[in-house]
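Please keep the sequence and the coordinates at hand while reading.

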Amino acid sequence: MAFQKALKGTILVGGGALASVLGLSQFAHYRRKQVSLAYVEAAECLSEPVNREPPSREAQLLTLQNTAEFDILVIGGGATGCGCALDAVTRGLKTALVERDDFSSGTSSRSTKLIHGGVRYLQKAIMKLDIEQYRMVKEALHERANLLEIAPHLSAPLPIMLPVYKWWQLPYYWVGIKLYDLVAGSNCLKSSYVLSKSRALEHFPMLQKDKLVGAIVYYDGQHNDARMNLAIALTAARYGAATANYMEVVSLLKKTDPHTGQERVSGARCKDVLTGQEFDVRAKCVINATGPFTDTVRKMDDKNAAAICQPSAGVHIVMPGYYSPESMGLLDPATSDGRVIFFLPWQKMTIAGTTDTPTDITHHPIPSEEDINFILNEVRNYLSCDVEVRRGDVLAAWSGIRPLVTDPKSADTQSISRNHVVDISESGLITIAGGKWTTYRSMAEDTINAAIKTHNLKAGPSRTVGLYLQGGKDWSPTLYIRLVQDYGLESEVAQHLAATYGDKAFEVAKMASVTGKRWPIVGVRLVSEFPYIEAEVKYGIKEYACTAVDMISRRTRLAFLNVQAAEEALPRIVELMGRELNWDDYKKEEELETARKFLYYEMGYKSRSEQLTDRSEISLLPSDIDRYKKRFHKFDADQKGFITIVDVQRVLESINVQMDENTLHEILNEVDLNKNGQVELNEFLQLMSAIQKGRVSGSRLAILMKTAEENLDRRVPIPVDRSCGGF
């Protein structure tokens with residue numbers, strides 16, 4: 001081991017010399033050994049977590065209140081903040097973390113879901129000979145490999161196709177992508193390769209065929225971002241960090257340094273958002289890791305501090321899974337306005353994004369219709385004309401605020417830093433800002449290094465390289481099979497639990513309620529088309545979920561996948577949470593209302609619902625109007641001019657279809673624009689017109705009525721003269 005450590009040091013210090021002496025192949029071998037040795041070192045230096053399970057939120061609050069002084073207090077529960085807490089506590093520092101909302105409630109849950117080095121940054125590094133860009137890509141590629149290693153259940157390599165429509169671009173892009181592989185070195189996930197036109201269409205059949213000359217496929221990582229963030233927070237809690245969500249910093253505490261006479265930040269006044277209780281949390285060092293809200297905390301320290309955050313909004317949309325292959329993404333490197341668009345499979349759906357527009361800082365960013373349509377138009381450009389890209393197929397949409405920063409120590413204060421910035425104020429407040437999801441760990445390491453140096457804390461080097469996050473250590477690709485065999489879960493549900501909770505999936509399975517069916521034996525779903533089960537709600541509370549929004553957006557990802565499905569699951573989720581958390585009826589109604597407002601504004605339901613309003617135009621051909629009127633009147637047998645639940649039930653019973661009243665009420669409510677409990681002919685024609693224009697898709701009432709009409713037509717009695725006469 002001594003030889004190996006010495007060898008590792010040699011590679012780190014004299015890598016360039018070694019490469020020239022040993023040759024590239026041997027050097028690559030030593031680089032691989034360097035990475036594996038880093039994992040060994042982390043594993044050997046760190047003891048087991050102090051807690052088998054993360055302490056409850058109540059226990060964490062008591063620790064925050066009763067600890068005389070922490071070494072480190074981190075403000076912010078995003079990826080970087082939780083990364084700082086994990087880095088600090090695993091070095092043996094007494095650590096606390098507070099978050100105003102929920103863990104990963106901001107930008108960290110609203111990403112493109114990629115763990116990447118940044119292909120476009122490498123292009124800029126080469127074209128402009130920018131060494132900073134090159135170093136940023138190299139660091140990100142190392143962090144990409146580490147993240148895939150420490151959370152294998154939440155992340156995996158993803159092939160991404162770059163379609164080429166001009167012959168001269170093929171060698172140009174190929175060289176760039178090969179350089180990406182080369183810079184990754186031993187951290188390269190899989191080697192990139194070139195595809196002919198026919199092979200490209202075989203892998204991505206919905207691709208635009210015209211003028212396509214071929215494609216290049218390279219590999220990056222993909223993850224479940226909110227769950228990854230939560231895994232970092234839970235791991236920090238298990239190692240002894242006092243972490244608490246819904247704890248707002250009201251003000252910073254300061255005390256005078258007796259040696260210098262200067263005021264120093266010494267903690268924070270915190271408020272429990274759920275109860276209103278306030279108390280002080282004292283610490284030798286306070287770290288500001290609040291992303292877009294960086295300047296808010298900086299101005300708590302110094303009201304004259306210059307703003308360094310320049311927020312940019314990135315909008316993403318979710319479309320049905322059939323828009324992309326199950327295991328192949330797409331990169332459009334040259335959109336109409338120069339922005340890069342990704343088109344990626346995720347959680348059996350398709351994510352498209354992102355935009356990059358200046359925005360105001362807000363706790364509740366809202367995706368705009370303009371941004372949604374921009375993404376849809378770009379998608380249309382590279383998908384086959386056989387695929388009708390419809391506005392109505394947008395199942396969810398969200399906006400995340402990217403916290404771009406200017407370095408306050410830079411001479412040119414207007415230049416935006418492409419990397420992260422660690423800033424130390426005169427009073428000792430340490431701010432970590434900028435960067436990206438992939439590099440959260442190295443950002444945290446740099447921040448804690450600065451904290452140790454500035455505040456003379458006693459701690460060793462970072463130990464988070466190779467440190468497994470919660471759920472990752474004993475996970476295996478076949479773990480889900482044991483869940484099926486041992487507990488009687490559906491295969492799809494078991495795969496979901498294994499990919500979400502890793503080796504903790506068995507604890508969720510133990511909580512699963514019996515279905516009452518022959519199969520599956522346990523695991524009642526929250527909604528039929530998604531593998532989320534009721535037991536996850538109970539387990540989510542153990543993972544610090546405090547609200548219904550926490551459950552639909554971050555403990556499960558329903559809100560990010562389908563806003564309508566999330567809304568349907570809400571009443572049951574609130575009922576289950578209310579039972580565990582002793583909510584009264586008023587609290588349950590408040591949670592329902594808050595969650596619905598979240599879906600309506602922040603998850604794109606507003607934009608989706610506005611595609612069909614009582615002001616929508618009816619632009620149908622006369623023949624179409626006649627056809628739809630006939631369909632309507634088959635349900636409105638009494639010629640009332642409207643349809644009620646009773647009318648729909650009558651028709652369904654005539655074709656031997658059973659449907660419960662609550663479901664029928666939901667189906668009619670989607671189309672009932674004036675909310676009077678009935679669907680008028682005009683509302684129905686507006687719906688059919690919107691469907692034809694592609695503004696609305698998947699209307700259950702339209703599909704139900706069409707199916708019922710076809711069944712009724714097939715049941716017309718055969719005339720006697722066509723049935724061989726009869727008697």
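The text below turns to one strand and its pairing, then to cysteines and an annotated domain.

The model is predicted, so that local features need pLDDT of at least 70 and side-chain atom pairs count only at pLDDT 80 or more, while totals for chains, interfaces and linings use all residues. Residues are numbered from 1 along each chain as its sequence is written, and side-chain values use heavy atoms, with hydrogens and water left out.

Strands (E, at least two residues) and helices (H or I, at least four) are DSSP runs numbered from the N terminus. Strand β14 covers residues 349-353, and five of its five residues are buried, where buried means under 20% relative accessible area, exposed over 50% and partly exposed in between (1.4 Å probe, protein chains only). In a regular strand the side chains alternate between the two faces of the sheet. In β14, M349, I351 and G353 lie on one side and T350 and A352 on the other, all of them buried.

With β13, strand β14 forms a hairpin with two residues between the strands, and Q347 in the turn has a positive phi of about 55 degrees.

Among the cysteines, C188 counts as partly exposed because its relative accessibility is 22%, whereas C546, at 12%, counts as buried. With a disulfide taken as a pair of cysteine sulfur atoms within 2.5 Å, the count is zero.

An unreviewed UniProt entry places the feature "domain: EF-hand" at residues 623-658 and 659-694; such annotations may be inferred rather than shown by experiment. Over residues 623-658 the chain is 64% helix and 6% strand, with the end C-alpha atoms 32 Å apart.

Notes. Pairing = 2+ DSSP bridges.
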